[in-house]
Amino acid sequence: MSTPTVLPAAALATLAPRPAPSPARLFRSALARGAGYLVPVPLAVAATEPLSRLPWTVPVGALAAGWCAALGLLYLAAPVAERAGPGPAARLVLAGFAALAGAWSGLLALAPAKLVGADRPLAHLVSLAGLAVLAALAVARATGTELAMLGWSLPVLLVAGATITGWPAEVRPAGTVAGLAAGIAGLLAGAATPALRRSYPATGSRPTAAELRGCAGPVLVGLCQVAVVLVVARAGQVAVSAGGIPPALVPLLVTIPGLELWVGWHLARVSEGLTRYDEREAHLRYVRRIGWATLAALLPPLAAGTALAGTAGRLPYGLSAHPDVPALVLALASGVLLAGVVATGWLLAARRRFGLAALVTGAPVVIALGLSISVPGLAATSLSGWGQLLPSVAVGLAAAYAAGLILAAFVLFDTRSLR
């Protein structure tokens with residue numbers, strides 16, 4: 001008679017199913033991530049004076065490159081964290097941002113003064129500060145330390161708050177730049193502490209070739225997100241002083257924490273359904289309920305944005321006689337539609353449909369540019385520059401949003417796409 005085989009405890013722990021995280025933990029993590037996305041906003045408002053001395057291409061270019069890099073690195077860091085722990089995942093993210101910072105600094109050194117501005121050291125400082133904030137957010141997301149990252153961000157947020165409310169005249173603006181730089185350095189150092197941890201096994205701390213190929217999808221989604229936000233922000237920057245937040249971006253900034261909670265809720269419910277139901281019919285009914293509930297959250301922005309855009313040109317005479325008020329209403333409508341488009345693409349990306357997410361997110365830019373060329377009468381003649389694209393941008397956002405809802409419905413109700 002053969003002797004029964006006894007598996008070691010380590011092997012049993014590997015084979016055992018992982019317990020699902022509690023709803024309270026998912027809620028705290030999603031809320032911390034949503035709050036973390038808003039950390040750069042007060043920093044940008046506090047740094048209005050140094051930013052006004054630079055062309056918009058410097059901060060926007062650095063943030064765009066950092067955002068796309070963060071999405072790609074997070075895609076690579078997630079399996080590394082599962083295999084080897086948070087330490088190697090944090091080191092992977094930091095190494096990627098260090099390489100990006102070096103490449104961006106070299107690009108700033110070689111770029112013409114028209115794109116960089118006369119103050120190249122300030123351009124380097126602002127770019128590196130933005131990349132450092134994004135690196136801290138990415139490390140916290142990769143290692144699950146979002147709450148700790150918010151604690152490390154308190155000093156720099158206090159400096160930003162003191163700057164916004166008013167420094168003493170003798171310490172501005174030098175005190176603002178020095179205080180923000182020191183606070184951001186402390187934020188990065190504190191958020192990077194998981195990188196000091198060792199990996200669990202000796203292998204698995206590097207991404208595989210398949211994972212490296214797969215990170216092109218999140219990077220493409222990031223590029224489309226940057227493109228649509230940039231076009232909407234530039235076209236909708238009406239009735240705002242230089243350096244202020246464009247009104248078209250206000251709805252997106254307000255909904256980011258709720259967006260993170262909504263996507264986290266959806267993924268948690270999908271994961272719960274995979275383990276709760278054994279019968280196919282019961283599982284299909286559950287998938288349909290979750291799908292309709294998820295789609296219901298996407299309908300109000302489409303209705304509100306379309307209604308605002310429709311009333312922008314039909315305001316009472318006392319208001320419509322002022323050229324900025326209809327443009328402001330249209331900019332807010334574009335912002336509401338932008339929030340919905342980003343939410344739809346965010347949901348599709350969370351379901352690993354990166355191609356559809358990039359298509360929905362980037363389509364408004366293509367539609368707006370096509371309308372501006374083929375329908376010249378749609379341009380806003382009361383505005384100048386990018387502002388003339390505002391009506392075309394609103395139409396492009398509404399069309400892409402409606403199409404995105406249809407694509408999202410196919411994904412949500414398709415049980416084969418559950419992951």
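Guide: Let's start with a network of salt bridges that links R33, E146 and E260. Keep in mind that this is a predicted model, where local features need pLDDT of at least 70, side-chain atom pairs count only at pLDDT 80 or more, and totals for chains, interfaces and linings use all residues. Numbering runs from 1 along each chain as its sequence is written, and side-chain values use heavy atoms, with hydrogens and water left out.

Visitor: What counts as a salt bridge?

Guide: A side-chain nitrogen of Lys or Arg within 4 Å of a carboxyl oxygen of Asp or Glu. By that rule there are four salt bridges here.

Visitor: Which helices hold E146 and R33?

Guide: First the contact: E146 and R33 pair up with N to O at 3.9 Å. E146 sits in helix α9 (residues 146-152) and R33 in helix α2 (residues 23-37), 113 residues apart. Helices here are DSSP runs (H or I, at least four residues), numbered from the N terminus.

Visitor: And how close are the N and O atoms of R33 and E260?

Guide: The closest ones are 2.8 Å apart. Since R33 lies in helix α2 and E260 in helix α14, this pair ties together parts 227 residues apart in sequence.

Visitor: Is R33 buried or exposed?

Guide: Buried means under 20% relative accessible area, exposed over 50%, and partly exposed in between (1.4 Å probe, protein chains only). R33 has 15%, so R33 is buried. E146 is buried as well, at 6%, and E260 is buried at 3%.

Visitor: Where do R83 and E211 lie?

Guide: Their side chains meet in a salt bridge, N to O 2.8 Å. R83 is in helix α5 and E211 in helix α12 (residues 209-214), so parts 128 residues apart in sequence get tied together. R83 is partly exposed at 31% relative accessibility, while E211 is buried at 13%.

Visitor: How do α5 and α6 cross?

Guide: Axes are lines fitted to C-alpha atoms, for helices over the stretch in contact, with angles from 0 to 180 degrees between N-to-C directions. For α5 (residues 57-84) and α6 (residues 86-110), the axes come within 8 Å and cross at roughly 155 degrees. Angles over 145 degrees count as roughly antiparallel, so α5 and α6 are roughly antiparallel to each other.

Visitor: What about α15 and α20?

Guide: Their axes come within 9 Å and cross at roughly 160 degrees, so α15 and α20 are roughly antiparallel too.

Methods
Helices (H or I, at least four residues) and strands (E, at least two) are DSSP runs, numbered from the N terminus. Angles under 35 degrees count as roughly parallel, over 145 as roughly antiparallel, 65 to 115 as roughly perpendicular and the rest as oblique.
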